[in-house]
Amino acid sequence: MAQEKRDYYEVLGVSRDAGEDEIKRAYKKLARKYHPDMNPGDKEAEEKFKEVNEANEVLSDPEKKARYDQFGFAGVDPSYGAGGAGGGYGAGFDFGDLGDIFGSFFGGGFGGARTRNGPQRGESIRASVAISFTEAAFGCEKEITLERSEQCTTCKGNGCAPGTTPEVCPECRGTGTVSRAQRTPFGVMQSQTICPKCGGTGKIIHQPCPDCRGSGAVRKRKTIKVTIPAGIDDGQTISLRGQGHSGRNGGGSGDLLITVMVRPHDIFRREGTAVFCEAPITFAQAVLGAELEIPTIDGKVKYTIPEGTQTGTVFRLKGKGIPVLNGRGRGDQYVTVTVETPKGLNKEQKEALRKFSETLGENNYEKQKSFFKKFRK
């Protein structure tokens with residue numbers, strides 16, 4: 001990988017001993033901050049967003065994170081070792097396999113080395129998409145552009161130049177592993193390790209494919225249409241099977257994991273399938289009652305409040321909340337009424353209000369009467 005890359009922990013702003021939840025929170029915060037939808041036309045933010053996604057793709061995957069912690073960028077570079085000595089597909093085993101070799105000697109089990117000549121499923125890709133509050137409620141379609149590893153069409157994934165075939169590794173005879181004897185205080189012990197000549201592939205490529213340089217895979221930019229289901233919430237993840245990196249040796253492709261980020265709404269707030277909002281009303285409306293137009297995610301609806309409505313009163317609009325994700329029915333909307341005190345009254349308005357106030361007695365203000373009665377006690 002390029003040397004100018006920043007340390008993945010530095011990119012996410014977390015320490016090297018950060019746990020899974022801390023990494024997830026840091027990624028979510030930065031992905032929202034630099035997402036292209038939040039910063040239209042900002043190239044610097046776009047690059048930051050790519051950098052954050054790349055760091056998260058490694059640090060959120062326990063296996064990749066372990067390789068990165070031990071070997072740095074070389075441990076997670078999918079093209080590392082391609083077309084190297086011997087020209088093999090992944091020749092000169094990668095750093096992920098190096099851990100298996102150490103493990104086979106130091107308590108990693110004898111005769112259990114992992115080979116690379118069998119089908120291997122591709123790695124998953126993590127991405128994110130920003131949508132509006134309404135799009136989350138009713139669902140939508142979005143397009144996501146990403147770079148992924150796909151099988152090379154020139155060599156059909158075998159890593160060889162057209163017209164050539166790989167040679168069976170003479171060291172391991174195509175098994176991908178070699179047995180070694182080691183003398184210990186307990187006697188001679190046999191251990192099975194990755195073949196160092198072919199890197200565990202069981203084959204040697206003398207003429208690598210010119211397009212993939214012997215790796216059997218190429219990086220391609222792909223735009224994928226994603227259906228966001230109605231009722232999805234902020235932070236939830238959609239999984240698209242088989243849309244991740246391509247597999248090796250006939251293995252299936254990984255998945256595409258898309259984290260949804262829901263932009264806040266100016267009026268509504270959500271908790272599960274319930275929607276909350278505040279509706280300011282005038283003093284006269286609170287006293288006399290009124291028919292109000294209440295905003296909902298479906299549009300405005302009429303609702304009649306009774307006379308004498310107090311500030312802080314909550315009304316429920318049944319079935320006006322968020323649809324149940326992958327289910328039936330909808331939640332409710334809860335409207336909190338707040339009485340707005342008028343400002344900037346002129347002389348005549350103030351005088352009229354004083355005369356109105358003089359006509360009222362204690363019984364018109366039950367809460368105030370009860371408060372002072374308790375206070376006198």
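Tutor: In this predicted model, two residues are said to be in contact when heavy atoms of theirs lie within 4.5 Å. Among contacts in the protein chain between residues at least 6 apart in sequence, 66% join residues at least 24 apart.

Student: What makes Thr296 count as buried?

Tutor: Buried means under 20% relative accessible area, and Thr296 has a value of 7%, so Thr296 falls under that cut-off and is called buried. Of the 377 residues of the protein chain, 35% count as buried.

Student: Which residues does Thr296 touch, leaving out those up to four places away in sequence?

Tutor: Thr296, which has its place in strand E12 (residues 290–296), touches Phe268, Val301, Leu317, Lys320 and Gln333.

Student: How do you know that the side chain of Thr296 makes a polar contact with the backbone nitrogen of Asp298?

Tutor: The side chain of Thr296 reaches that nitrogen at 3.1 Å, and a polar contact needs a pair of N or O atoms within 3.5 Å, so the distance meets the cut-off. The backbone oxygen of Gly299, at 2.5 Å from a polar atom of the Thr296 side chain, also lies within 3.5 Å.

Student: Why are strands E1 and E8 said to stand at the edges of their sheet?

Tutor: The open sheet has three strands in the order E1-E9-E8, with mixed pairing; E1 (125–131) and E8 (237–240) each have a single partner strand, so one side of each is left without a neighbour in the sheet.

Student: What makes E8 and E9 count as paired strands?

Tutor: Pairing requires at least two bridges, and four bridges join E8 to the antiparallel strand E9 (residues 256–262), so the two strands count as paired.

Methods: Residues are numbered from 1 along each chain as its sequence is written. This is a predicted model: local features need pLDDT of at least 70, side-chain atom pairs count only at pLDDT 80 or more; totals for chains, interfaces and linings use all residues. Side-chain values use heavy atoms; hydrogens and water are left out. Buried means under 20% relative accessible area, exposed over 50%, partly exposed in between (1.4 Å probe, protein chains only). A polar contact is a pair of N or O atoms within 3.5 Å; within protein, one must be able to donate a hydrogen and the other to accept it, and residues adjacent in sequence count only if both atoms are side-chain atoms.
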